[in-house]
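Trainee: Please walk me slowly through one single part of this model, and tell me first how the whole is built.

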Amino acid sequence: MMLHVPGVLTADQVRACRASLDAAAWVDGNLTSGPQAAMAKRNLQLPQDDPAAIDVGRAIVEALNANPLFVSAALPRTILPPLFNRYGGGHGFGDHIDNAIRRNPATGGMIRTDLSATLFLSEPEDYDGGELTVDDTYGSHIVKLPAGDLILYPASSIHRVTAITRGERVASFFWIQSLVRDDARRRLLFDMDLAVQEVSRAMGPEAAPVVSLTGAYHNLLRNWAEV
Ligand code: NI
């Protein structure tokens with residue numbers, strides 16, 4: 001499932017993040033990836049231990065944990081510390097699939113990358129090209145969102161960032177290990193959660209159908225969650 005989560009960061013938060021990121025020391029993106037990805041990747045990234053990356057990353061994770069749509073869709077178990085990339089003229093990233101397992105630099109432990117996320121930190125009118133394109137069973141999806149918005153997609157999808165022909169695109173990208181590994185199960189739980197909220201608004205939280213549906217949601221989650 002792909003999901004657009006609008007307004008993860010406010011306009012003021014985006015401005016503050018950009019001010020601190022723009023002043024940081026960016027390096028060739030290939031220093032941060034394995035040789036297979038290096039063939040297709042042309043961009044700049046911030047080193048994982050850059051103070052701006054750590055600070056802004058922390059603010060992003062805080063905003064995500066407080067975002068009900070994100071939490072309901074991702075059911076996050078672990079959010080890896082956000083990374084940052086910058087695409088300028090001629091930069092792009094060809095077809096690839098993200099690594100299945102990554103080390104969490106915060107804990108040293110391994111995490112499974114169930115979901116990939118891109119949080120846009122440039123406005124779409126500030127650059128041409130630079131579209132994130134994600135392939136799934138329904139076809140190719142072209143994603144170019146307002147600054148502060150996030151796209152969530154299965155990490156198993158083939159995806160790319162098309163070449164930039166004007167301006168500059170700054171984004172944060174990161175991975176999530178979900179409590180629920182299977183994309184179809186996660187999708188079903190998300191649909192149920194939305195239905196619970198809708199029925200609850202219509203009937204009140206204590207109505208019998210709302211209580212039954214909420215119970216069914218939690219029993220499924222209890223069966224499927226890996227904690
Ligand atoms: Ni990728």
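Trainee: How many helices and strands are there in the chain, and which strands pair with β6?

Mentor: This is a predicted model, in which local features need pLDDT of at least 70 and side-chain atom pairs count only at pLDDT 80 or more, while totals for chains, interfaces and linings use all residues. Residues are numbered from 1 along each chain as its sequence is written, and side-chain values use heavy atoms, with hydrogens and water left out.

The chain has 6 helices and 17 strands, which are DSSP runs numbered from the N terminus (helices H or I, at least four residues; strands E, at least two). Its radius of gyration, taken over C-alpha atoms, is 18 Å, close to the 17 Å that the globule rule (2.2 Å times the number of residues to the power 0.38) gives for 227 residues, so the chain is as compact as a globular protein of that length.

Of these 227 residues, 48% are buried, meaning under 20% relative accessible area with a 1.4 Å probe, counting protein chains only. Strand β6, residues 83-87, is mostly covered, with 5 of its 5 residues buried. In a regular strand the side chains alternate between the two faces of the sheet. From β6, L83, N85 and Y87 point one way, whereas F84 and R86 point the other way.

Two strands pair if DSSP finds at least two bridges between them. Strand β4 (residues 44-45) runs antiparallel to β6 and is joined to it by 2 bridges, and R86 is the bridge partner of L44. With strand β17 (residues 169-178), β6 pairs in the antiparallel sense over 5 bridges, and there R169 is the bridge partner of Y87.

Notes: Buried < 20%, exposed > 50% of the residue type's maximum accessible area, 1.4 Å probe, protein only.
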